[in-house]
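The sequence and structure come next.

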Amino acid sequence: MIIRKAKKEDIESVLKLTKIPEFDNPNSSNNMESREYFKEYIKNGIFLVAKKDKETIGFVTGEFMLGGYVYIDALSVNSSLRGKGIGKKLIDSFEKIAKAKGVKYIHLTAPKSNKKTIKFYEKNKYDKGKEFIQFYKKL
């Protein structure tokens, strides 16, 4: 398995990894929007893919924010390959790139109901937030 920066030709295989219940991608109903969403990460963010042979088996995307931090927007691993260290390798590679770019903090959100996801981030030394409440408004 290798982890590398994503290329435009990886987008189609990454889109397949977003078609799972645990991954709520607001653009998944419109593939053209999703393609543009991922192209933007290739240009301006951190977008890594995990490849085994020629198959994309996982990915992570992140967006640089003001104040020296990056927001992890998405992390997904093929559901049949979870628990084999792929997500850990993606996160480790992501952190290495972020640190090299001067990032001081990584921020992400995870659904409170997804215990496996929460356990994954805790195991990878991410702290649960105590000071912030997430707000959203659908327009």
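## Glycine 102

Glycine 102 is partly exposed, with a relative accessible area of 40%; this class lies between buried (under 20% relative accessible area) and exposed (over 50%), using a 1.4 Å probe and protein chains only. Glycine 102 sits in the loop between helix H3 (86-100) and strand S5 (105-108). Helices (H or I, at least four residues) and strands (E, at least two) are DSSP runs, numbered from the N terminus.

## Basis of the values

The model is predicted, and local features need pLDDT of at least 70, side-chain atom pairs count only at pLDDT 80 or more, and totals for chains, interfaces and linings use all residues. Residues are numbered from 1 along each chain as its sequence is written, and side-chain values use heavy atoms, leaving out hydrogens and water.

## Salt bridges

Seven salt bridges are found in the whole structure, each being a side-chain nitrogen of Lys or Arg within 4 Å of a carboxyl oxygen of Asp or Glu. In one of them, lysine 39 pairs with glutamate 36 at an N to O distance of 3.4 Å. These two residues lie three apart in helix H2 (residues 31-44), so about one helical turn separates them. Lysine 39 is partly exposed at 29% relative accessible area, and glutamate 36 is also partly exposed, at 39%.

Salt bridges with shared partners join Arg4, Asp10 and Lys51 into one network. Aspartate 10 pairs with arginine 4, their closest N and O atoms being 2.7 Å apart. Aspartate 10 has 2% relative accessibility and therefore counts as buried, while arginine 4 is partly exposed at 22%. Aspartate 10 also forms a salt bridge with lysine 51, at 3.3 Å from N to O. This pair links distant parts of the chain, 41 residues apart: aspartate 10 is in the loop between strand S1 (2-5) and helix H1 (11-17), and lysine 51 is in strand S2 (residues 46-52). Both aspartate 10 and lysine 51 are buried.

## Whole chain

The protein chain contains four helices and five strands, in the sequence order β-α-α-β-β-β-α-β-α. Of its 139 residues, 35% are buried.

Contacts are heavy atoms within 4.5 Å. Among contacts between residues at least 6 apart in sequence, 56% join residues at least 24 apart. The chain exposes about 10,000 Å², with carbon and sulfur atoms supplying 53% of it; accessible areas come from the Shrake-Rupley method with a 1.4 Å probe, and for residues only the protein chains shown count as cover.
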